[in-house]
Amino acid sequence: RERDRGGDPPPRRDLVEQFHLSPPIAWEDWVRLAGAALEEAAENEAEKTAVILAAQNSDAVVNSDMAKLARLVFEANEFGWAEVAYMGENGRPALPSMVDQLVRLGADKVVVMPWVLFAGPAMSQINDVAARYPATAVTPHLAAQPALIDLLHAQYELALADRSLLP
């Protein structure tokens with residue numbers, strides 16, 4: 001490191017730039033990944049509602065992308081409804097209030113998918129909701145989805161095949 005040798009610190013890169021996937025993963029791939037996990041957890045019940053549980057972000061564009069994902073999952077799969085909820089005390093809408101609303105609107109089966117790599121903090125909220133509504137099912141979080149590994153491996157192979165796609 002330059003700093004350790006007395007020089008200036010290396011330039012700081014934005015986290016988005018640092019972890020940018022190039023080429024970007026297509027929406028269809030994310031929808032297929034989410035839809036398959038949600039369908040499996042729903043156990044082929046006819047009337048089901050999907051809730052994608054995401055981490056609240058201060059960037060409205062990121063939050064709107066989660067809403068877009070929920071809508072695309074709804075349109076590509078056989079869900080009666082699909083919504084997004086956010087984790088934490090400041091999440092709006094929070095998972096408990098979202099599931100309360102969906103049940104009041106007539107949802108019979110609610111399937112929650114934690115859209116996070118590690119579900120640790122999300123699990124207490126999910127468990128509280130599942131205790132109140134026994135018809136709640138939960139998918140594994142993203143890192144536990146075999147399809148995610150396949151998707152990332154395909155992106156890796158694509159980047160190796162065409163180096164112009166690399167940042």
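I am working from a predicted model.

**Overall layout**

I read the elements along the sequence and got α-α-β-α-β-α-β-α-β-α. The chain has 167 residues, and 35% of them count as buried. I then looked up contacts between residues at least 6 apart in sequence. Of these, 76% join residues at least 24 apart.

**Strand β3**

I went to β3, residues 110-114, and asked how many of its residues are buried. The count is 5 of 5, and the strand is mostly covered. Next I checked which way the side chains point. Val110, Val112 and Pro114 point one way from β3. Val111 and Met113 point the other way. Both sets are buried.

Which strands pair with β3? I found β1, residues 49-54, running parallel to β3 and joined to it by 5 bridges. One pair I noted is isoleucine 52 with methionine 113 of β3. I also found β4, residues 136-138, which pairs with β3 in the parallel sense over 3 bridges. Here valine 112 has valine 138 of β4 as its bridge partner. I followed the chain from β3 to β4 and passed through helix α5, residues 120-132. This β-α-β crossover is right-handed.

**Helix α3**

I turned to α3, residues 60-76. The helix has 17 residues and reaches 24 Å from its first C-alpha to its last. That is close to the 24 Å expected at 1.5 Å a residue.

Which residues of α3 are buried? I listed Asn63, Met66, Leu69, Ala70 and Val73. Why do they lie on the same side of α3? They do so because they cover an arc of only 105 degrees around the axis. The spacing rule I keep in mind is that an α-helix has 3.6 residues a turn, so residues three or four places apart point the same way.

I asked what the buried residues of α3 pack against. The partners are α2 (27-42), β1 and β2 (81-86).

Last, I checked the start of α3. A side-chain oxygen of aspartate 59 comes to within 2.9 Å of the backbone nitrogen of valine 61.

Methods. Residues numbered from 1 in each chain as written. Predicted model: local features only at pLDDT ≥ 70, side-chain atom pairs only at ≥ 80, totals over all residues. Heavy atoms only, no water. Buried < 20%, exposed > 50% of the residue type's maximum accessible area, 1.4 Å probe, protein only. Helix = DSSP H or I, 4+ residues; strand = E, 2+ residues; numbered from the N terminus. Pairing = 2+ DSSP bridges. Right-handed = clockwise from strand over helix to strand, strands pointing away. Expected span 1.5 Å × (residues − 1). Arc of directions from axis to C-beta. Contact = heavy atoms within 4.5 Å. Polar contact = N/O pair within 3.5 Å; in protein donor to acceptor, adjacent residues only side chain to side chain.
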